[in-house]
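User: I would like to learn how to read side-chain contacts in a structure. Could you take me through some, please?

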Amino acid sequence: MSKPNQPLTHAAIDISNEPVHWDLGNSKSYSEYLHLDKLLSAQQPNTFEHDEMLFITIHQASELWLKLCIHEITAAMKHIQRDNLGPVDKSLTRMARIQTQLTQSWDVLATMTPMEYSAFRNALGKASGFQSFQYRMLEFLIGNKNPGLIEVFKRQSEPYATLQRILNSPSLYDEVLALLSRRGFGIPSDYLDRSWSEPYRANKQVAAAWLAVYHNREEHWDLYELAEKLVDLDHQFQLWRFSHMKTVERIIGYKRGTGGTSGVSYLNKALELRFFPELWSVRTSM
């Protein structure tokens with residue numbers, strides 16, 4: 001605190017005694033390490049409208065967060081396969097924090113009015129978040145499989161092949177059910193070896209297994225914690241979807257989306273989806 005009657009100063013911070021590396025030598029700089037030349041040159045508006053920069057930045061930042069989510073969920077699945085749940089807790093907790101950032105980004109986008117968006121919307125053509133390869137990849141990894149949705153990526157050979165591979169591989173939830181089975185819970189055999197590309201269907205035996213975990217949480221504490229992390233993941237995803245839908249409604253009303261969907265009506269359908277349905281149904285049974 002300043003002493004009474006002592007004027008506050010606004011002098012620059014004294015760095016005379018700081019051993020700053022003014023000459024980096026052969027070391028990479030901050031900009032080089034982060035490839036900021038590429039990152040900051042990627043915002044290329046198609047119009048001269050002021051608000052198009054906001055639109056591009058929000059979506060590019062979201063794609064970076066999605067990339068990190070995919071990184072974390074991939075690591076979590078590998079640890080689950082090895083029955084090593086400590087790091088899984090860390091990854092799923094981090095994903096929940098990332099999802100909070102993704103949800104808050106809609107608040108920033110919502111500062112754009114319908115007239116401001118309309119000024120450059122036609123420049124998007126058929127481009128749409130529906131075509132986000134990483135978003136679809138993340139949904140498939142978590143467990144929301146739908147074979148028909150990859151067709152929009154057919155002209156992108158590498159993303160298409162990656163989505164096909166993930167579509168036909170066990171999801172996060174499939175790996176969790178395999179873990180429950182290894183721990184002695186009664187998971188139906190046709191849920192442990194099934195067509196992974198098909199949408200997941202809720203099962204009473206799976207619900208009973210989760211109920212047993214909750215009723216004996218001291219004995220199965222790591223599974224109990226895992227269950228709650230999965231619920232948090234699902235919950236945060238729902239909040240993101242809801243904020244997305246309300247932002248779209250606020251900006252374009254009930255116009256059709258640029259990607260061809262019905263817009264708000266389509267996004268409303270997504271609010272009915274649950275990644276881990278039994279973890280929600282058992283709450284009524286407790």
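Analyst: Gladly! Let's begin with Phe55, which counts as buried because its relative accessibility is 15%, where the cut-off for buried is under 20%. Please keep in mind that this is a predicted model.

User: Which ring does Phe55 pair with, and how are the planes set?

Analyst: The structure holds 15 aromatic pairs. In one of them, the ring centres of Phe55 and Phe120 are 5.6 Å apart, and the planes meet at 65°, so the pair is edge-to-face.

User: How are the rings of Phe275 and Phe276 arranged?

Analyst: Their centres lie 6.0 Å apart with the planes at 45°, so this pair is tilted. Phe275 is buried at 4% relative accessible area, and Phe276 is buried at 0%. Both belong to one aromatic cluster, whose members include Trp106, Tyr135, Phe237 and Trp240.

User: Are Glu72 and Arg94 buried or partly exposed?

Analyst: Glu72 is buried, with 6% relative accessibility, whereas Arg94 is partly exposed at 37%.

User: Where do Glu139 and Arg136 lie?

Analyst: Both are in helix 6 (residues 133–142), 3 residues apart, about one turn of the helix. Arg241 joins Arg136 and Glu139 in a network of salt bridges.

User: What does Arg283 meet in a salt bridge?

Analyst: Its partner is Glu228, at 2.7 Å from N to O. This pair links distant parts of the chain, with Arg283 in helix 13 (residues 277–285) and Glu228 in helix 11 (residues 221–252), 55 residues apart. Arg283 is partly exposed at 31%, and Glu228 is partly exposed at 29%.

User: Which ring does Arg283 lie over?

Analyst: Arg283 lies over the face of Trp280, 5.8 Å from the ring centre. The charged end of Arg274 also sits over the Trp280 ring, 4.1 Å from its centre.

Notes:
Residues numbered from 1 in each chain as written. Predicted model: local features only at pLDDT ≥ 70, side-chain atom pairs only at ≥ 80, totals over all residues. Heavy atoms only, no water. Buried < 20%, exposed > 50% of the residue type's maximum accessible area, 1.4 Å probe, protein only. Helix = DSSP H or I, 4+ residues; strand = E, 2+ residues; numbered from the N terminus. Salt bridge = Lys/Arg side-chain N within 4 Å of Asp/Glu carboxyl O. Phe/Tyr/Trp six-rings, centres within 6.5 Å; stacked < 30°, edge-to-face > 60°. Lys NZ or Arg CZ within 6 Å of the ring centre and 35° of its normal.
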